[in-house]
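Subject: Model handover

Hello,

Here is the model for your files. My notes on what I found follow below it.

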Amino acid sequence: MTEDARAFVQLQDVTLAYGRGERRVAALGKTDLSIAKGDFVALVGPSGCGKSTILKLVTGLIPASSGWVFVAGREVGAEPVRVGMAFQNPTLLPWLSIRDNVMLPLKIVPPFRQEFRAKRRGEFRDRADALLAQVGLSGFGDKFPWQLSGGMLQRASLCRALIHDPQLLMLDEPFGALDQFTREELWGILQELWMDRRPTVLLVTHDLKEASFLATRVCVMRARPGRIVEDSFVDFPRPRTIEMTYEPGFVALTQRLRERIVSARGDAAAADLQEIPA
Amino acid sequence: MTPGWRRHLQSAAVIVGFFVLWELACIVFHIKEIVLPRPTQILFTLWERAPAIWPHTLQTLYTTLVGFALGIVSGVLIGALIGSSRLAYDVGYPLLIGFSSIPKVAVVPIFVLWFGAGTVPAVLTAMIMSLFPIVVNVATGLATTEPELEDVMKALRASKFDILMNVGLPRAMPYFFASLKVSVTLAFVGTVIAETVASNLGIGNLMMIASSSFDVPLVFAGLLVLALLGVGLYAIFSLIEGRVIGWAKRKDEFALG
Ligand SMILES: Nc1ncnc2c1ncn2[C@@H]1O[C@H](COP(=O)(O)OP(=O)(O)O)[C@@H](O)[C@H]1O
Ligand SMILES: [Mg+2]
């Protein structure tokens, strides 16, 4: 075990299989990944290549079948790391107002939890409203989820993931269900939030432009078994703008990522063919 | 006139029409009062014998509400247990289904044996009648939490209890209220069964005595009282439901209700 001292998140020889016996699915082959504190890493790849699985491993929602997962220098789960999560489906609670939805983590995570009763109508409320304003939802705190559009719900879901100042932010295709314009707007908002607070972010996405726009590092994965086949740094200056995504350097990057995914897919298909007994 | 009002008027007209038809049929076919009394006769009996019927009504209402309240408390507790623990589910569900398949009339004598005739067996019968729908609905509501939401909560290191209080139970509320409406009418059935078998007070007992003396209008008056009480409580719980869980009516996924 060699441990990278600067890494906030580190996967070492991690594999993961779902199920047992006959129904065993090898979701993740031997994987190494280390992410520095405050980094923004995007995971891209075809569906079923194990992107969500990596997120769940890092969050400690599932244990690795073999290997080690370290977060904040200790085995995952040992250290109480604050984690925020958001998914493609906003999963807001329909019986709570948008503000109360956003404040939910404060009700659960220490040290906020102890003060929740005392501060829910004061400091915490202002904190939620400030965050809502930052994502363009000022004045919507008292509305209920069914009164908002998909894009607005996703903004609120981002707020819920960030309200407790997480050290780790896990985003699983958060903009997957949105239209192109809303999506690009939210890229800008997410970038701003990240630059403000600098959580360590792991973003899963299908959209290569999204990955290149937001991330400082893009990891390309292939399927069966899931594996990281390429790890590239993205060093465009920040704050990045949508206009930059049309510049030659940016276009070249997304094209290279795309080719890498396609060729990895070919490899996987070839590997499948070899597995079929003659 | 709004469409809502028109619908209400139409349904009221149909209901009134049903009773008018009943009245006319009795007159036209010369149906004897001892076979099927006319609605006006029933109303008249109810009016005339009100002083005698009233204490029975109160007793039945009281018994039912106490039994129902006990049913709610134990139903929610059992439902929460079954809905949040795998083991409790595997053990509890078969037991519950077995138990609910037993005709409740058969249980009353046992209660009488244990507690003597009177109010207690009736309360208990009302309780076990109303229990099952509440348990099933609360358990179902708890079990339908979205896996992603559960992940969000677990990532926040929420305890099982946190998840239950913040997500599970509120989420089960629409199912819970839907079950209350059904359960309260079942609680009446339970009370009346027990009163018929082993009590000297209550509408069940009243109808029992009336039928053994062939006082058929009084039997029907008793039925009418039960029906009115049932409809009244159903309406009250519908109203509370609308107030408490208005949010659920906005979403189609709760159309099960
Ligand atoms: N709970 C599970 N049980 C069994 N197999 C699963 C489970 N979750 C994911 N898998 C399988 O593991 C593989 C990787 O899944 P996932 O990490 O969700 O992929 P991605 O997020 O990249 O689309 C897929 O083949 C998927 O079918
Ligand atoms: Mg996925």
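Helix H1 of chain A lies across strand E1 (7-18), E2 and E4 of chain A. H1(A) runs at about 120 degrees to E1(A). Contact here means heavy atoms within 4.5 Å. Helices (H or I, at least four residues) and strands (E, at least two) are DSSP runs, numbered from the N terminus. Axes are lines fitted to C-alpha atoms, for helices over the stretch in contact, and angles run from 0 to 180 degrees between N-to-C directions.

This is a predicted model: local features need pLDDT of at least 70, side-chain atom pairs count only at pLDDT 80 or more, and totals for chains, interfaces and linings use all residues. Residues are numbered from 1 along each chain as its sequence is written, chains are lettered from A and ligands numbered from 1 in the order in which they are written, and side-chain values use heavy atoms, with hydrogens and water left out.

**The four-strand sheet, chain A**

The sheet under discussion is open, with 4 strands in the order E2-E1-E4-E5 (chain A) and antiparallel pairing. Strand E2 (25-36) and strand E5 (74-75) of chain A each have a single partner strand, so one side of each is left without a neighbour in the sheet. Two strands pair if DSSP finds at least two bridges between them. Strand E4 (residues 66-71) of chain A joins E5(A) over 2 bridges, in the antiparallel sense. There, Val71(A) stands opposite Arg74(A).

Asp13(A) has a positive phi of about 50 degrees, although it is not a glycine.

**The six-strand sheet, chain A**

Another open sheet has 6 strands, in the order E6-E7-E8-E3-E9-E10 (chain A), with mixed pairing. Its edge strands are E6 (83-87) and E10 (227-233) of chain A, each pairing on one side only. The twist averages 15 degrees from one strand to the next. Helix H1 (residues 51-59) of chain A packs on this sheet too, touching E3, E6, strand E7 (168-172), E8, strand E9 (217-222) and E10 of chain A. The direction of H1(A) makes about 155 degrees with that of E7(A).

Strand E3 (residues 40-44) and strand E8 (residues 200-205) of chain A run parallel, joined by 5 bridges. Val41(A) has Leu202(A) in E8(A) as its bridge partner. Helix H5 (residues 150-162) of chain A lies across E6 and E7 of chain A, at about 165 degrees to E6(A).

**Ligand 1**

- Gly48(A): a polar backbone atom is 2.7 Å from a ligand 1 oxygen.
- Ser52(A): a side-chain N or O atom is 2.6 Å from an oxygen of ligand 1.
- Thr53(A): a polar side-chain atom lies 2.4 Å from an oxygen of ligand 1.

On its own, ligand 1 has 560 Å² of accessible area, and the protein covers 60% of it. Accessible areas come from the Shrake-Rupley method with a 1.4 Å probe; for residues, only the protein chains shown count as cover.

**Cis peptides, chain A**

Pro110(A) and Pro111(A) are joined by a cis peptide bond, omega about 5 degrees. Pro111(A) lies in the loop between helix H2 (98-108) and helix H3 (112-119) of chain A. The bond from Arg238(A) to Pro239(A) is also cis, with omega near -5 degrees. Pro239(A) is in the loop between E10 and helix H8 (248-275) of chain A.

**Chain B and the records**

Chain B has 10 helices and 0 strands. Its C-alpha atoms fill a box of roughly 75 × 60 × 30 Å, taken along the principal axes. An unreviewed UniProt entry lists "transmembrane region" spans in chain B, including residues 61-83 and 122-144. Residues 61-83 of chain B are 100% helix, with end C-alpha atoms 31 Å apart. For residues 122-144 of chain B, the values are 96% helix and 34 Å. UniProt positions are given in the numbering used here, feature names are shortened, and annotations may be inferred rather than shown by experiment.

Best wishes

Note on methods. A polar contact is a pair of N or O atoms within 3.5 Å; within protein, one must be able to donate a hydrogen and the other to accept it, and residues adjacent in sequence count only if both atoms are side-chain atoms.
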